[in-house]
Amino acid sequence: MAFQLKPKEEKFFALLEKHAELGAQAGEILYACFEGKVSAAEGLETVRRLKKEGAAIRAKTMMRLHKTFITPIDREDIQAVIEQLDGTLDQIKEIMDKMSMYNPGEPTAGAVAMAQIVAQCMLEIRKSVSYMRNLKDNYLKIEARSEKVSNMESQGDVYYHEEMARLFTECKDPIHIIKWKEILSAMENVVDDCEVLVNLFQRVVLKYA
């Protein structure tokens, strides 16, 4: 039988869900930028706003952790989730910073595919967080989302290695190589962070489901 939550305790999940939603929005903006649907400058401005909102949610979550005696799941798990969510959002902002500052030119099909994986992973993270209010009923859904993210992380690795190989074999401009190497590496880091998150979700499921 699922444990009953007090309204005060449910606010932790509301905060986590809101932050995960910001991350999903940031992933969509990143993908739209790589597709050429929004400019790097416009995308950066939007993601900066999302990051600022995320930082405020993180601070509010940490303050509640200090003031709440009983939490719906271990406070260490809540802290780990909110910090990892915030770190992932920060990584997306870093990518948008680079796209705006470096003006690296039109992305390759492989780079666009990596950006799509980032957006998809962030969406799966948002869905997974929304299931955490009722772990006993939703643990199979969380497991399914976790497997999706792991599979996408593996595909992202393939794209990353292909793009890096292409970059170093076909490109003759060292500055262009440096720009895209940093951007591609930052995208791989986001997907890796998403896999860290789903591994964390799986550990929480083992505790409470």
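At what angle do helix α4 and α6 pack, and how far apart are their axes? I started there and found an angle of about 20° between α4 (residues 109-130) and α6, with axes 10 Å apart. I took axes as lines fitted to C-alpha atoms, for helices over the stretch in contact, with angles from 0 to 180 degrees between N-to-C directions. Helices here are DSSP runs (H or I, at least four residues), numbered from the N terminus. The angle makes α4 roughly parallel to α6 (angles under 35 degrees count as roughly parallel, over 145 as roughly antiparallel).

A note on the source: this is a predicted model, where local features need pLDDT of at least 70, side-chain atom pairs count only at pLDDT 80 or more, and totals for chains, interfaces and linings use all residues. Residues are numbered from 1 along each chain as its sequence is written, and side-chain values use heavy atoms, leaving out hydrogens and water.

Next I looked at α5 (residues 135-170) against α6 (residues 174-208): they pack at about 160°, with axes 9 Å apart. That makes α5 roughly antiparallel to α6. By class, I noted 19 nonpolar, five polar and nine charged residues in their contact (Ala, Val, Leu, Ile, Met, Phe, Trp, Tyr, Cys and Pro count as nonpolar, Asp, Glu, Lys and Arg as charged, and the others, Gly among them, as polar).

Last, I checked aromatic rings and found one aromatic pair (ring centres within 6.5 Å, using the six-membered ring of Trp; planes over 60 degrees apart count as edge-to-face).

Methods: Helix = DSSP H or I, 4+ residues; strand = E, 2+ residues; numbered from the N terminus. Parallel < 35°, antiparallel > 145°, perpendicular 65-115°, else oblique. Phe/Tyr/Trp six-rings, centres within 6.5 Å; stacked < 30°, edge-to-face > 60°.
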